[in-house]
Each structure stands twice: as C-alpha cells, then as structure tokens.
Amino acid sequence: MMIDLKNITFKWHKNDNKPTLTISELVIKKGERVFLHGPSGSGKSTLLTLLAGINTATSGDIFILNKNLNTLSNTNRDVFRADHIGYIFQNFNLLPYLTPIENVILGCQFSKSRQKTALKQSATLNQEATRLLNALGLTEQYHKKDVATLSVGQQQRVAAARAFIGSPELIIADEPTSALDTNNRESFIKLLFEQAKHSNSTLVFVSHDESLQPLFDRSINLISLQENI
Amino acid sequence: MILAKLAYKSLLNRKASVFLTLLTIAISVMLLLSIERIRVDAKSSFSNTLSGTDLIVGARTGDIQLLLSSVFRIGHTNNGVSWQSYEYITNQRGVKWSIPISLGDSHKGQAVLGTTLDYFTHYRFAKKQNLSFNKGHAFSAINEVVLGSEVANKLGYKLGDNIVISHGMGNTSFHHHKDNPFKVVGILNATGTPVDKTLHIPLAAIDLIHGGAPAEHAEHAEHAEHAEHAEHAEHEKHNDLTGHPKQITAFLMGFESPLYTLQIRRNINQYKKEALLGIMPTVTLKELWGILAIVEKILLLFSAVVVLVSLLGMLTTLLANLSQRRRELAILRSVGARPWQLFTLISFESLLTMFIGCLVGCALYYLALFTGGSYLQSHAGISVNIAMLSYYELTLIGVIMVAGFIIGLIPATRAYFYSLSDGMSIKT
C-alpha cells in the first residue's frame, strides 16, 4: 500500500467548529497514477500537506509506505519526506542562483538513500540530472542557463526532474500544469507518466482541470470523497 | 559540503548587499586597528622620548612646562639658567654627566638646539638607546651642524650643505643670520622623538648667531669682522668648541646612582642665587600622559563604538536579507534540508562574511599604515611601526569575529524556526 488514510479529520486551529477536511478512507496502491480534483477550497492543498507530512492530522491515521506519519517526530518526518516523496510545486520553487542541473541535483542532496538510487541509474549525479532533464524534454542547451531566463514550461520540467531524481516512491504534483496551455499540458503529463514508470513511482496529481481526468488510471473527486462519511 | 556550496552560491547571488556588508566590516576592522595602533604607538612614542636622564633643570616654572620646552620643544621658557649656576650644580658630588641645552632659534620652522658633545654620548631615548649617526659625525667646529633625520629628509639636506639659522621660532622670521651659515657635518638616525626634528649646533655658536660672541671669545669674534683676517678667524673657530653662552635654557643630568636624585633635586629647588626647578623626567612624563589619558580613553571608546555600529549594521543587513530569503530557505526545507542545516547555513554565511571582512579590513589597515604612517610621523610625531599583526591586534580581530559570529546566530535561529509550510505555500 502506498497511501492509506483512515478517519482523517484536519482542523487548522484547535477551536475550529468544523474540520477543514474529513476523509473516512482513501487508499492508493503502489504504482497507481491518481488524479485528485475538486474546485478551489475543496481541501486539495490541505490533503497534500497531510500526505507530505507538512501538517499532521487532527485525528485519524495517515500511513505512507506503511509508516504512520502521525507517530513520527518532526525530524523523522523531515527525513521520511526527503527520502520517499518528490514534490512538484505549482510555483516550481527553483533556486534562482543554481543552474537547472544544480536545482535537479538539489532534490537528492539532502537524502542519502535517494542519492544512492540516483547513482544506480547513472555514474554521477550530474549525469542523472542531465538524463532526467532530457527525458522530461529540456534540451541540453538550457541545462546550464540561468533559471530565471527559462520559460514557465522549461522551469516546470526542471521542477519535475528535481522531484524524480533518486526515484522517490511517491510523487506529489500540485497543479503543475496550471501555467501551461492544453497541448503542452498533455505532453508534459505523458512525460511525467514515463518517468513515474521508469522509477516505479506512484503519482498523485492534483488539479482543478477535469479535462485531464481521462489520462489517469483513477480519479478521485475530493468533494464526493468527503461526502462519503 | 552541499551547505558550503549553497552558502557560496547564495552569497554570490546577493553580491551587492554582501559587498556592502563586507565593506562595513572591513572598514570597521581597519578603523579599530588603526585607532588602536595610534593609541598604543602614541603612548610608546611618548614615553620613549627620553630615557636615562635623572633630572632636568631649568628656570623656575611648571614641571610640565619645563618638560615640554626642554624635551618636546613646545613653548618657550622666558628665563634661562646662568652658566655659573650650571657649572656650580653640575660640579656637585654624584653628577655623572650633564648636557646643557639652549633653545629658542629655528631653521625653517625646525628647532635649533645648542649643546655640547656630551649630547651625542649621553642623550638617550626609548630603552636607553644612544643617538647614532646615519651619516657623518658630531660637530667639531663652531659653524657646524648635526641634523635630526627628519630635518634632513624633509628639507633635503645632505652632508656639506650650508644652512642659515634664523633668530626666534617659526620660518617666517625675517631676521636671518646670513653672515653665519652652518655646514652640515652629521645626520642622525631616526629616533621617533623630537630629536628627529632638531638641528644641533655647538653651544658656543648660540651667542654667535645672536650677533654677539661667546663670552670667552669676544676678542676672536672682533677679529672675524675684519675681512682681511677672515681666514685666520675661521681657523681659530674650527678647533674651538670651548666657548659658552652666558645663559642656557636648561640642562639634563645623569647621576652616579639614582640615590642622588632626590638630594640634588632638593638642593636645586632651594638654590638661592637663582630660581631654578629640577624635575625627574620619568615622573613628569607620566604626569603629562595622565593629562593626555583622556584622549587615550576617548580613542578607545571610539574604537569600541565603531565596531559596535558595524556589528549592528551587519545584523540589520542579515535580518533584512533573511526576510527576503524566506522563500529560498523554504525551498531548501521542501527539498529535504533540516532546520539545523538551515541554521548551519546561515551562521556559516555570516562567519564567512565576517572572516573575509576581517581579511579585507587588515589589508586596508596595512594600506593605511603605508600611506598614513609617514604623515603621522611628521605631523604628530607618532612613529608608527609597520609590523606583523601583534598578539593584541589578533586578539581584537578574534573578538570581532566572535562577536560577528554570535550576532550571526540571531538570524540563524530565526531561520531555524521558519516552518516548512512556508515553502509549500509561498506563491511568488
């Protein structure tokens, strides 16, 4: 089991009357490509922060790779996240003073296990980053350019490569295509699928754009998920 | 390793503000070191002025005034000591040596001092160092002059030059003694004391430049005024330094044993024929420095404030930078950097800035020493040593670095507590 949520409630503040999020059950299997959708305010981002262990559930248990995140200490959760989860942000979050290659390598520099895995793929981290960027469609001429000069689409590919380096078991993508046009969206998502397959990663893809739904194995509507209670 | 690389790249990315911070630190280090060097060297230059002299005697005036006029050539004494009194006092038991000095004349603003050959054998400065000749030798005739090193440098005189001494102080004096040029026969090594700024002529010549003649040479001098006897007169003078003026400004004495000092001093202060004053230079130098100590304290305070201000400036810059870097730190958190790693990153960056700032500061300091040292020497009489950083200076730099490091811990601690959700939610 990749993700197993049971009777989750989450409140931003202890005194809130109604929980922001209530999920009785959510199971995602290894290798699945899941499309998580719902209108703004439906709790998508909140759910992602719970999955990534940034916030902890007010009640209920969150198992990722059969580890209960709620029982881990802050430090251990940090380590767990760095080792097992690759996160693609809506706003890319690239470091402006590093080259695309260095930004990608950064993804495994704080995790020994991911570094090891990356070095199984290629001889050096540099080569692995180059391979990933190429695979995600960023041609080599851009690999050492200033990040700020890259287009939105190119930055998105760097951000994705950073999430994939070291093949983490879980890739969480938070509205990564919202800045792309329709054609680019589909081709980008296909590249993500290829990489997820290549590295045996489970992909949880979040978007409010339901037109992407047919591309995925499974789609979960967050509104109906919460109404199941 | 990755942290060091990130720190380096991040610093490079913020070149402008890092450069300004570096500059602030460098300038404050430079100022601190310079002020401290001036303070320390001023004190040592001061106490090194005179050494080995047990008693200075002059006409009755204030202790400090006598010291200033006889040793530092500052101010005038209106009265002098008669030659008879000088001979009487220096013939007492226990007097090992004595140096009569006569001041009041100048050459292009530099003091002229009339004295005897004893000056070159008994005058001591710093740690009982004797005067030594860089070039030439002591005067051996009445119209010869020995220059202090700075006089020779500043006015560009060399051995064999003829110079004219004017009456009174200041180089605007109209009354030049053109008829009595002096020949440069010796140039002393630098001492870092007022000796460097002094022209030394035979005591016997003092009355000569005042238009008169040495008391015991009146007849010879008359001869000299006749043109046809000029050669003869000069010949006479050459081998003759035995003349003396009726009055001298002051005299220095050394005793067989310091035990004589108090007794002889009492005799001098109670001397009936003339109102005289004897001072112990070491004591009076200390008194004088005591008066100047406020200056020393103010300098020290200045140094401290300079450093404090620059450290506060650094803290301001660091904290301002930190809020701009919140996103950067959050990104690092999101790719797996732990809070302690951010703490290390930020404190390492400030330590690096501090270290480079101190290095640049030292470089600026030496630059200042090289360019400003001679100015200080010639205008303030402070001899600045250009040497390796002393233990004291290294300690100062160490204190600054430690203070800077501690200050750097403040933003580092804040970075530690920046939460991870920062990085996940910032939307720019």
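Biologist: What share of the residues in chain A is buried, and how is buried defined?

Modeller: Buried means under 20% relative accessible area, exposed means over 50%, and partly exposed lies in between, with a 1.4 Å probe and protein chains only. In chain A of this predicted model, buried residues make up 56% of the 229 residues. Residues are numbered from 1 along each chain as its sequence is written, while chains are lettered from A and ligands numbered from 1 in the order in which they are written. Because the model is predicted, local features need pLDDT of at least 70 and side-chain atom pairs count only at pLDDT 80 or more, whereas totals for chains, interfaces and linings use all residues, and side-chain values use heavy atoms, with hydrogens and water left out.

Biologist: What radius of gyration does chain A have, and what would a compact globule have?

Modeller: The radius of gyration is taken over C-alpha atoms, and the globule rule is 2.2 Å times the number of residues to the power 0.38. For 229 residues a compact globule would come near 17 Å, and chain A, with 17 Å, agrees with that. The C-alpha trace of chain A spans about 55 × 40 × 30 Å along its principal axes.

Biologist: How many helices and strands does chain A have?

Modeller: Helices (H or I, at least four residues) and strands (E, at least two) are DSSP runs, numbered from the N terminus, and chain A comes to 8 helices and 9 strands.

Biologist: Where in chain A does A:Asn93 lie, and is A:Asn93 buried or exposed?

Modeller: A:Asn93 lies in the loop between strand E6 (85-88) and helix H3 (100-109), has a positive phi of about 55 degrees although it is not a glycine, and counts as buried because its relative accessibility is 1%. A:Asn200 also has a positive phi of about 55 degrees without being a glycine; A:Asn200 is found in the loop between helix H7 (182-198) and strand E8 (202-207), and at 66% relative accessibility A:Asn200 counts as exposed.

Biologist: How many salt bridges are there over all chains, and which residue forms one with A:Glu102?

Modeller: A:Glu102 forms one with B:Lys5, the closest N and O atoms being 3.7 Å apart. This pair crosses between chains, from helix H3 of chain A to helix H1 (residues 2-13) of chain B. A:Glu102 is buried, with a relative accessible area of 14%, whereas B:Lys5 is partly exposed at 35%. Within chain B, B:Glu36 and B:Arg39 meet in a salt bridge (2.9 Å, N to O); both lie in helix H2 (residues 15-47), 3 residues apart, about one turn of the helix, and both are buried. A network of salt bridges links B:Arg14, B:Arg325, B:Glu328 and B:Glu349.

Biologist: How many aromatic pairs are there over all chains?

Modeller: A pair of aromatic rings is described by the distance of the centres and the angle of the planes. Rings of Phe, Tyr and Trp (its six-membered ring) pair if their centres lie within 6.5 Å, and planes under 30 degrees apart count as stacked, over 60 as edge-to-face and the rest as tilted. The count comes to 18 aromatic pairs over all chains, and ring pairs link B:Tyr119, B:Phe120, B:Tyr123, B:Phe133 and B:Phe139 into a cluster.

Terms used
A salt bridge is a side-chain nitrogen of Lys or Arg within 4 Å of a carboxyl oxygen of Asp or Glu.
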